Amino acid sequence: MRESPLCVPCRRRGVARIFRPLLQLLKQRFVVLATVVVLAQSAVLGQTEAPGASKGLKPILDYISGAWDTLTRSMTDCQSLVDPKIKVSPVLYLPAGMAEPAAVQRLASDCNVRVEHLPVQINHLGEIDTGNIQPHGLLYLENKYVVPGGRFNEMYGWDSYFIVRGLLLAGRVELARGMVDNFFFEIEHYGAMLNANRTYYLTRSQPPFLSSMFVDVYGALQKSGHKDPVWLAKAYSDLEKDYEMWNREPHRAGDTGLSRYYDFGEGPPAEAVQDESGFYRKVATYFFFHPAQADNYVVGNLPGPMQQVAGSLYSQQVCDVPATMARAECEKRREFKLSSDYYKGDRSMRESGFDVSFRFGPFGAATHHYAPVCLNSLLYKTEKDLEQISRWLGHTPDAEKWNKRAEERKKLIAQYLWDEKAGWFFDYDLQSGGRSSYRYATTFYPLWAGLATPEQAKAVANNLPALDHPGGVAMSAEDTGAQWDLPYGWGNVEMLVIEGLRRYGFKAEADRVSYEFLSMVAENYRRDGNIREKYNVVTRSSESHVELGYQMNVVGFGWTNAAFLDLLHDLPKDMTERLGREQDQVLPAAGK
């Protein structure tokens with residue numbers, strides 16, 4: 001223990017004998033004075049608790065409150081332009097033809113940052129080859145935004161919906177509105193709501209939560225008496241444009257009338273090559289040992305067109321295991337690459353947000369060959385939101401149009417994605433012409449969106465035990481080593497599952513799962529002092545041992561913070577009080 005400076009002279013015995021009585025007297029008076037000050041402060045604040053009283057949930061709520069500012073980025077902050085995923089000097093890109101704002105001019109001089117313009121105006125995703133934008137950099141946005149976690153400096157698509165929900169609960173309405181306006185800026189200048197505002201993300205979007213984002217923010221403005229018909233009309237125009245991207249080729253899911261995820265880029269994505277070291281080598285190894293699952297994902301490195309396949313070259317060689325000192329006999333070395341179709345699936349999986357999972361085949365390689373439950377539920381929700389916005393604008397014919405589209409999609413989801421016998425909503429495999437049987441937490445999306453029938457909702461709720469664990473709902477029933485499968489649970493999906501259960505009257509189940517997740521997050525916060533992006537809901541631990549794909553467990557964390565506030569808000573009073581009392585108990589051993 002470090003000694004107080006006052007005690008340094010005490011090392012000399014003679015001096016100590018002189019000063020010890022004086023020090024004891026000062027110490028006694030200091031304690032009395034400090035006690036008086038504390039009691040005075042308590043009286044001013046109306047506090048009656050004795051020193052050492054329970055803090056309950058206050059520490060974790062204070063952490064969350066402070067995190068919103070810690071995670072806020074802007075175009076006037078030098079650090080915001082740094083990209084830890086790609087080691088290049090920071091570059092800020094403005095839309096083609098846009099005048100350089102004064103704040104950006106100052107940024108260029110103060111931060112020694114290059115400011116460039118995109119080479120062409122972008123109206124839709126896929127119009128520009130991102131490989132020709134070198135070096136990669138940050139795409140300009142007008143307003144401040146909150147990032148998911150400490151290592152990120154760009155604004156992410158679907159993360160932001162949950163972050164906005166948290167900001168609204170925290171009373172940060174203007175910051176939430178600014179983020180929604182940033183997405184409108186992306187739609188108008190970069191072609192769509194992007195995966196995130198980096199140049200290498202100009203080939204894909206993310207799950208379409210933007211209409212939900214807007215409706216929630218506008219609802220908060222309405223409650224405070226701040227209606228804004230101009231912003232409402234702007235939102236309708238931008239949301240309609242973004243929605244239509246999902247309903248034309250190549251985002252159409254065959255002839256089902258539904259939609260799919262599809263990234264316009266080719267080959268391995270730049271950020272994955274540099275930020276996920278060895279990932280594609282692991283993919284190649286997996287397909288080597290599981291040839292029945294390789295499909296068209298591996299191609300031999302032969303002369304001719306095959307050489308045009310992007311990505312790294314891999315080799316395989318089969319040798320005898322020598323039983324003596326003799327040289328091992330080996331077959332001829334074969335060289336191969338992962339195919340263009342694999343990389344298209346890999347990129348599309350990243351657009352889904354669920355990177356990595358085996359839900360769409362090994363490593364998500366067939367993502368673009370599925371009509372997913374999550375995406376089509378979100379598009380139904382978008383159609384219902386556009387119906388609501390049309391009614392706010394007084395545009396009844398438009399409202400009726402959107403209601404009709406929503407009803408049509410609802411019927412298609414029931415036809416293609418609902419398995420009545422199993423009681424699950426499953427993704428539809430376009431290649432086999434049948435539903436998947438992969439049990440995944442997205443089966444609750446139709447409940448959250450309100451498109452499930454009461455009978456369907458009851459069947460899904462009855463299957464909750466297949467995914468429910470001591471720390472909440474796991475993403476899947478399959479332990480694949482990937483972070484979006486068992487045993488991991490994520491705050492954003494916990495919110496959707498629980499809200500879906502509440503919407504259809506399964507209050508007891510919703511309360512129980514909420515408590516499981518909240519108590520796990522709070523317990524781990526007491527143990528390590530932070531909140532993470534994901535948790536092992538089986539062991540109730542923040543320790544992750546992801547084997548495939550992205551392996552970090554980032555601190556922050558935007559949507560977990562939001563989930564904590566949201567789930568706590570809806571938790572019954574007695575359970576909230578019990579959760580508060582838990583925070584003063586001795587921590588159980590980790591993973592127990």
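Predicted model: local features only at pLDDT ≥ 70, side-chain atom pairs only at ≥ 80, totals over all residues.

Student: Then what is the strand order in the open sheet of 3 strands?

Tutor: The order is β3-β2-β4, and the pairing is parallel. β3 (114-117) and β4 (138-139) are the edge strands, each pairing on one side only. Strand β2 (residues 91-94) runs parallel to β4, with 2 bridges between them.

Student: On to helices. How do I judge the span of α16 (residues 507-528)?

Tutor: The general idea is that an α-helix has 3.6 residues a turn, so residues three or four places apart point the same way. For the span, you compare the end-to-end reach with what 1.5 Å a residue would give. Here α16 has 22 residues and covers 32 Å from first C-alpha to last, close to the expected 32 Å. Just after α16 comes Gly529, with a positive phi of about 80 degrees.

Student: Now single residues. Is Asn153 buried or exposed?

Tutor: The cut-off for buried is under 20% relative accessible area. Asn153 has 3%, so it is buried. Asn153 sits in the loop between β5 (145-146) and α4 (157-169).

Student: What does the side chain of Asn153 reach?

Tutor: Backbone oxygens: that of Gln79 at 3.3 Å, and that of Val82, 2.7 Å from a polar side-chain atom of Asn153. Beyond its neighbours within four places in sequence, its contacts include Arg73, Leu138 and Arg198.

Student: And why does Gln206 count as buried?

Tutor: Because its relative accessibility is 5%. Gln206 belongs to the loop between α5 (173-190) and α6. Its side chain reaches the backbone nitrogen of Gly157 at 3.2 Å, while the backbone nitrogen of Trp158 is 3.0 Å from a polar atom of that side chain. Among its other contacts outside four places in sequence are Trp246, Arg350 and Glu351.

Student: Last one: which residues lie nearest the centre of the largest pocket?

Tutor: Tyr161, Arg165, Ser212, Asp216 and Glu499, out of 18 lining residues. The space in that pocket is about 540 Å³. Helix α6 (210-223) gives the largest share of the lining, 5 residues. Other elements supplying at least two residues each include α4, α11 (373-393) and α15 (491-503).

Conventions:
Residues numbered from 1 in each chain as written. Heavy atoms only, no water. Helix = DSSP H or I, 4+ residues; strand = E, 2+ residues; numbered from the N terminus. Expected span 1.5 Å × (residues − 1). Buried < 20%, exposed > 50% of the residue type's maximum accessible area, 1.4 Å probe, protein only. Polar contact = N/O pair within 3.5 Å; in protein donor to acceptor, adjacent residues only side chain to side chain. Contact = heavy atoms within 4.5 Å. Pairing = 2+ DSSP bridges. 1 Å grid on protein atoms, 1.4 Å probe; cavity = no way out; pocket = protein on both sides within 12 Å on 5 of 7 lines; lining within 4 Å. Points joined across faces, edges and corners; volume = space filled by probe spheres on them.
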